[in-house]
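Welcome to this guided tour! Please open your viewer, get your selection tool ready, and follow along one stop at a time.

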Amino acid sequence: MNSTLSPDKRASLVEAQMTLDEKLRMLHGLYAVPANFKGNVPPNVPPQQAVGSAGFVYGVPRLGIPPLQESDASIGVADPVSGVTGGPVRGTAGYSTALPSGLNTAATFNPSVAYDGGAMIGTEAHEEGFNVLLAGGADLARDPRNGRNFEYAGEDPWLAGVIVAGAVRGIQDQHVISTLKHYAINDQEVGRNTLSSNIDWAAAHESDLFAFEMGVRLGHPGSIMCAYNRVNEVYACSNQLLLTDILKGQWGFPGWVMSDWGAVHSTYDAAAGLDQESGDYFDAPTIWFSGPRLKAFLNEGRIAQSRVDDMVFRILRSMFAVGLFDDPPVITPINATADALISQHDAEQGAVLLKNANRQLPLNSSIKSIAIIGGHADVGVLEGGGSSEVWPVGGPAVTPHNFGFPHPIIYDPSSPMKAIEQQAPGATVLFDDGKDPRSAAKLAASSDVAIVFVTQWLAESIDAKNLHLPNMQDTLISAVAAANRHTIVVLETGDPVVMPWLSQVSAVLEAWYPGSGGGAAIGNLLFGMVNPSGHLPITFPTGVQQLPRPKEPGLSDPNGYFDVNYDIEGAAVGYKWFDKNNLTPLFPFGFGLSYTTFAYSHLHASNSNDHVTVEFDVRNTGKVAGWAVPQVYLGFPEGVGEAPRRLVGFQKVALMPGQTQHVSLSVEQRLLGMFDDTTGNRHWYVTPGQYQVVLGESSRDFKLNTTVTLTSANIAP
Ligand code: GLC
């Protein structure tokens with residue numbers, strides 16, 4: 001308990017005191033809620049001391065080692081099986097604050113917003129008795145239909161890595177261990193337990209693995225969760241190259257690898273680098289890392305004692321590093337009001353204004369009549385489904401009915417309509433549920449403006465069937481737009497969608513899943529109390545024909561052992577694919593409008609000792625305050641790079657009207673290079689030559705450009 005010693009020293013001191021049985025009991029975790037969905041094994045009854053939610057790992061009271069109390073996930077303290085019990089499994093303590101979706105937080109292009117959100121959910125976790133939050137979703141959006149993109153941070157590995165690292169740091173500063181997950185290349189939900197993500201390892205290092213590498217190097221997560229899928233035909237949790245050579249070898253990751261729930265396939269996975277089996281009920285009746293099995297492996301020399309000691313050491317080290325010994329959770333009522341404001345700020349910063357014809361927005365508070373249509377906008381805003389879903393403070397705004405995983409469909413009780421009424425106290429604000437387009441059109445025809453809220457519910461274990469809004473919502477929007485030329489569409493989607501009605505409406509705001517403060521955020525954005533500043537972290541295609549895989553793999557045999565060939569695009573994910581193939585998307589990566597305008601000047605790029613610095617000035621040339629999100633893209637010389645350009649820097653800059661700010665960005669060295677996967681000599685290398693440096697407000701809207709000369713360089717992996 002000597003906190004002046006290093007985590008490594010403290011871990012080795014306490015491990016030296018542990019018996020073999022005490023060590024082995026830390027290497028598999030229990031599912032921490034009652035469950036009985038496996039006919040061939042007894043029901044899961046968690047131990048009395050388990051707080052509840054995703055996982056519990058016994059500690060060693062004799063030595064002061066606390067148990068691990070594990071909750072999901074990136075959006076907040078979740079109740080993965082609220083569906084089973086119809087409500088929080090932890091009683092009133094189960095009500096928590098929902099952050100907006102990960103795509104929203106990525107769209108803020110603001111790591112400090114990600115940090116603040118992480119700090120908030122980490123605080124709530126700590127107050128609810130948890131010391132591990134299974135957050136940090138960092139899988140890349142290779143497919144805009146992936147049902148879990150809402151838990152992640154988009155298609156660019158640098159943006160995703162920086163944003164998720166911010167969230168991880170926020171969580172861990174509350175003495176709650178965060179994970180990074182799902183490692184790696186778990187980029188679609190169809191067939192997630194059996195598919196193989198196939199990709200050249202060099203391309204993997206330049207894309208999906210880069211997001212995790214930056215997450216590790218910048219976020220220092222206590223744990224990494226290996227994924228369900230196979231990578232190049234070997235299960236992620238059995239994959240020595242992934243878990244030991246790359247993660248622990250190349251990146252020097254000092255923490256531990258936990259499995260996803262039901263993602264272990266053998267006790268030999270320990271030899272590959274897996275350190276802990278999670279949620280062993282999912283693997284029952286075979287508990288791969290049970291004491292008896294591990295003991296047998298030790299006795300038969302099939303696993304070395306040193307490996308077992310390393311597995312335990314890694315867990316203890318992370319526990320000391322994050323403060324689980326020194327600052328254990330203390331059950332405390334959460335500060336729901338303050339926490340909802342943090343979530344609201346995230347939503348305000350991440351909503352993306354996609355269209356604003358004739359300055360339709362912001363609305364004027366003197367407006368006389370407003371039609372609010374669809375999306376349960378009278379009472380709340382949509383959440384995504386599955387293990388990440390939060391049972392919100394105040395309870396769901398819409399009574400859930402279907403409880404089968406990954407349901408229920410939860411609406412957070414933050415009403416856009418109430419917020420709009422507060423912004424326009426003199427207006428007549430009427431609601432139509434949007435079920436009958438004719439009725440909605442009739443209300444729209446008699447209103448000054450019509451605001452149509454449309455939803456796309458996505459969830460873990462499913463993918464979007466296509467890129468269309470479901471439930472005939474396209475028809476609803478067209479009917480309303482035909483009745484009122486001042487029609488505003490607010491999207492509450494988990495993924496990009498196509499917009500056949502785009503030319504018929506006057507404004508479009510992508511609000512993602514906006515979380516526990518989402519209604520208030522939408523009200524502030526529509527009336528200009530807050531200037532929209534979100535920028536797309538994911539490309540909006542015009543249709544699936546623009547994708548590397550127009551037809552999602554595995555649909556015909558979702559439980560089959562099929563391959564997903566990511567070598568089609570390799571590291572050219574998202575906008576890089578569009579640039580490489582000269583495709584014009586509906587809305588490009590990095591796109592986002594503002595109620596003001598910005599001008600850029602004095603762009604300069606310099607390279608001293610292979611460290612590139614990019615500088616420029618940005619000025620608010622409009623009449624209202626706002627945030628600029630200048631983005632710096634590196635343009636490769638002919639024949640170099642995975643695509644014409646790569647995001648290498650960005651900054652969110654708050655500017656008053658007329659204000660100018662100087663920005664100086666230093667570029668992460670690995671972003672200048674490509675990866676050489678030669679066995680035994682893996683490294684990053686920079687090809688010498690003249691590179692373009694372009695400054696833009698999206699991946700397709702460049703304001704200035706210059707050049708920088710790079711010399712050849714090798715960077716240790
Ligand atoms: C789930 C998810 C993972 C979650 C875990 C515990 O299946 O894949 O993200 O943390 O199991 O609920």
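The stops below tell you what to select and what is there.

**Before you start**

This is a predicted model, in which local features need pLDDT of at least 70 and side-chain atom pairs count only at pLDDT 80 or more, while totals for chains, interfaces and linings use all residues. Residues are numbered from 1 along each chain as its sequence is written, and side-chain values use heavy atoms, with hydrogens and water left out.

**Stop 1: the disulfide**

Select Cys 226 and Cys 237, which form a disulfide with their sulfur atoms 2.2 Å apart. Here, a disulfide is a pair of cysteine sulfur atoms within 2.5 Å. In general, such a link is a covalent bond between the sulfur atoms of two cysteines. The structure holds one disulfide.

What does this pair tie together? Cys 226 lies in strand 7 (residues 223-226) and Cys 237 in the loop between strand 9 (234-235) and helix 9 (240-250), so the bond ties together parts that are eleven residues apart in sequence. Helices (H or I, at least four residues) and strands (E, at least two) are DSSP runs, numbered from the N terminus.

Look along the S-S bond: the angle about it is 110°, and the link of Cys 226 and Cys 237 is right-handed. Are the two cysteines buried or exposed? Cys 226 is buried at 0% relative accessibility, and Cys 237 is buried at 1%. Buried means under 20% relative accessible area, exposed over 50%, and partly exposed in between (1.4 Å probe, protein chains only).

**Stop 2: a neighbor of Cys 237**

Now select Ala 263, in the loop between strand 10 (256-259) and helix 10 (269-272). Ala 263 touches Ala 227, Tyr 228, Cys 237 and Asp 283, not counting residues up to four places away in sequence. Contact means heavy atoms within 4.5 Å. Ala 263 is buried, with a relative accessible area of 1%.

**Stop 3**

Color helix 6 (residues 157-172) and helix 8 (residues 208-219); their axes come within 8 Å and cross at roughly 35°. Axes are lines fitted to C-alpha atoms, for helices over the stretch in contact, and angles run from 0 to 180 degrees between N-to-C directions.

Helix 6 passes helix 8 in a right-handed crossing. A crossing is left-handed if the near helix is turned anticlockwise from the far one by less than a right angle, and right-handed if clockwise.

Show the side chains where they meet: residues of helix 6 including Trp 158, Val 162 and Val 168 face residues of helix 8 including Phe 210, Met 214 and Leu 218.

**Stop 4: helix 5**

Move to helix 5 (residues 111-127), where 17 residues reach 24 Å from the first C-alpha to the last, close to the 24 Å expected at 1.5 Å a residue. The expected span of a helix is 1.5 Å times one less than its number of residues.

How many residues of helix 5 are buried? Twelve of its 17 residues are, and helix 5 is mostly covered. Among the buried ones are Val 113, Met 120, Ile 121 and His 126. To see what covers them, display elements including helix 4 (102-107), strand 4 (132-133), helix 6 and helix 13 (336-350). Just after helix 5, Gly 129 takes a positive phi of about 100°.

**Stop 5: backbone details**

Most residues other than glycine have a negative phi, and most peptide bonds are trans.

With that in mind, find these places:

- Lys 181 and His 182 are joined by a cis peptide bond, with omega about -10°; His 182 lies in strand 5 (residues 177-183).
- Leu 361 and Pro 362 are joined by a cis peptide bond, with omega about 0°.
- Ile 185 is not a glycine, yet has a positive phi of about 60°; Ile 185 is buried, with a relative accessible area of 0%.
- Trp 512 has a positive phi near 55° and sits in the loop between strand 18 (507-510) and helix 17 (518-526).

**Last stop: helix 17**

Finally, select helix 17: eight of its nine residues are buried, so helix 17 is largely enclosed by the rest of the structure. Its buried residues include Ile 522, Asn 524 and Leu 525. Following helix 17 is Gly 528, with a positive phi near 80°.
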